[in-house]
Amino acid sequence: MKSLKKPLNKTPRKRSRGSGTYIAQSYRTHGIILRTYKLAEADRIIVVLTADHGQIRAVAKGVRRTTSKFGSTLEPFMHTRLQLVPRRGMDVIAQTETIHSYGMMLTNDYDTFGAASAMVETAEQLTRDDDGADGATQYRLLHGAIAALARRAAAPMMLLTSYLLRALTVAGWAPRFSECSRCGIEGTHNWLSEPMGGVVCDDCAPPQTTYVPDGVVLLLQALLVGEWPTVDQAQFADTRQATSFVAEYLQYHLEKNLQSLSVMDQG
Amino acid sequence: MYDGAVQSLIDELGRLPGIGPKSAQRIAFHILEASESDMIALADAITDVKTKIRLCEICFNVSEHKVCAICRDEHRDTGLMCVVEESQDVIAIERTRTYNGRYHVLGGAINPIGGIGPDQLRVRELLTRLQDESISEVILATNPNLEGEATATYLTRMLSPVGITLSRLASGLPVGGDLEYADEVTLGRAFEGRRKLGETL
């Protein structure tokens, strides 16, 4: 007689906690989308640097379909408001809303796009195992840098270099350009050393350290604190040297090559 | 664990995308119980696709011959070229039956974080083709996502000096959707690319 007990209309039983996208347990945040990975047929894993939860990895279901409600909101570089549902393993994205659509402003120019890619790649590396304290600072820094790129506030490479120096400072690898990084003697020193963490004086410079002109050191100082009038007046040769030093410095301390930088060198 | 052949079939099936251990076991037993001729046909199809199929020498689409059917077709407009990311995109465009030119398959899109740059794509081959062939218009049909847009921006920078008409696929609202659920960027694009009504094209 089991069949008599069954209700006639076959509505599915109310879902228990822990399945589906149960909105009551969800939380809201906003952040910059760093990168995406393909998952299954039409899903993606989205890596976001949020304002208040550090770096988050979340699943966006069906995002690759043309009719997806997420549309462009979960593309890299976008500043998006997110509603997330906690799940074992990874959160699921329930709803999204664009706050600033930086992504499309950045792809109009190839150099700007490359600089933005290097920024998010660095941000992803620096906030990977973060508990959230540094995350908020890193978020503000990245948001500012991406917004400046989108506004075309300065040359893309200069914005990138300045961002990298400051992001490393927040992460605890502050470079020193106005005093010797070994003995602390103040003044303009012209020896640049990645392992020492900035400029070193004549006495401290180990063999095979690069010697650079005053312009490069002054430019690096300006980039670290964000003195844009000085940066704008810099010689092209100096900007090249400063940029390549910062790239080396970053990769030395991250102990990892930055893919974006080598791809952008291709042209 | 099952005996040798059955277990190895399950293991092989389990390596396919979207197939877990349970599905692999179900498919393996279906193969075991199905008629021999059907399953030999399946095995042959897999062998054929791995031995006969290669990339077209001209457009890099998948093909059974040195030059694919689309490149061999003389009725097609040789002045039009459509640049796509993957071979699947060629099929998607062919299904629309509105395009009658040729293709160029890049093999992906520029993704600096993933280590994919112009050198990893078939950009150099594209430039060579543009020099040799009599192409008057290049249609950039990369995906309407960030990587696709960046690839289109890069190709525009490379191809504008060549002096060929460049165009990009329009983006707008999907057929069968609701306006209120459209995201800002798509809706904005749809406005930019709006058409005048009452004019014949």
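This passage walks through a predicted model, starting with chain A and then turning to chain B.

Since the model is predicted, local features are reported only at pLDDT of at least 70 and side-chain atom pairs only at pLDDT 80 or more, while totals for chains, interfaces and linings use all residues. Residues are numbered from 1 along each chain as its sequence is written, chains are lettered from A and ligands numbered from 1 in the order in which they are written, and side-chain values use heavy atoms, with hydrogens and water left out.

Chain A has 267 residues, and 50% of them count as buried; here buried means under 20% relative accessible area, exposed means over 50%, and partly exposed is in between (1.4 Å probe, protein chains only). Its secondary structure comes to 9 helices and 8 strands, taken as DSSP runs numbered from the N terminus (helices are H or I, at least four residues; strands are E, at least two). Chain A exposes about 13700 Å², and carbon and sulfur atoms supply 49% of that area. Accessible areas come from the Shrake-Rupley method with a 1.4 Å probe, and for residues only the protein chains shown count as cover. As for contacts (heavy atoms within 4.5 Å), take the pairs in chain A that are at least 6 apart in sequence: 56% of these join residues at least 24 apart.

Helix α6 of chain A (residues 214–225) makes a handy check on geometry. Just after α6(A) comes G226(A), with a positive phi of about 80°.

Another positive phi turns up at A40(A), near 50°, and this residue is not a glycine. Most residues other than glycine have a negative phi. A40(A) sits in the loop between β1 (27–39) and β2 (43–50) of chain A, and its relative accessibility of 67% makes it exposed.

Now for the charged pairs. A salt bridge is counted when a side-chain nitrogen of Lys or Arg is within 4 Å of a carboxyl oxygen of Asp or Glu, and the count over all chains is 13. One of them joins R44(A) and E75(A), at 3.6 Å from N to O. R44(A) is in strand β2 and E75(A) in the loop between β3 (55–60) and β4 (79–85) of chain A, so the pair ties together parts 31 residues apart in sequence. Both partners are tucked away: R44(A) is buried at 11% relative accessibility, and E75(A) is buried at 7%. R176(A) and E179(A) also pair up, with their closest N and O atoms 2.6 Å apart; R176(A) is partly exposed at 34%.

Chain B is assigned domain 1 (4–52) and domain 2 (73–196), and 36 Å separate their centres, taken over C-alpha atoms. R76(B) lies in the loop between α4 (69–72) and β3 (80–84) of chain B and is buried, with a relative accessible area of 10%. Leaving out residues up to four places away in sequence, R76(B) touches I70(B), E94(B), Y99(B), N100(B), G101(B) and Y103(B). With E94(B) it forms a salt bridge, the closest N and O atoms being 2.6 Å apart. E94(B) belongs to helix α5 (residues 87–96) of chain B, so this bridge ties together parts 18 residues apart in sequence. E94(B) itself is partly exposed, at 26%.

F60(B) is not a glycine either, yet its phi is positive, about 65°. F60(B) lies in the loop between β1 and β2 (62–63) of chain B and is buried, at 15% relative accessible area.

Note on methods: Domain bounds come from an automatic or database domain assignment.
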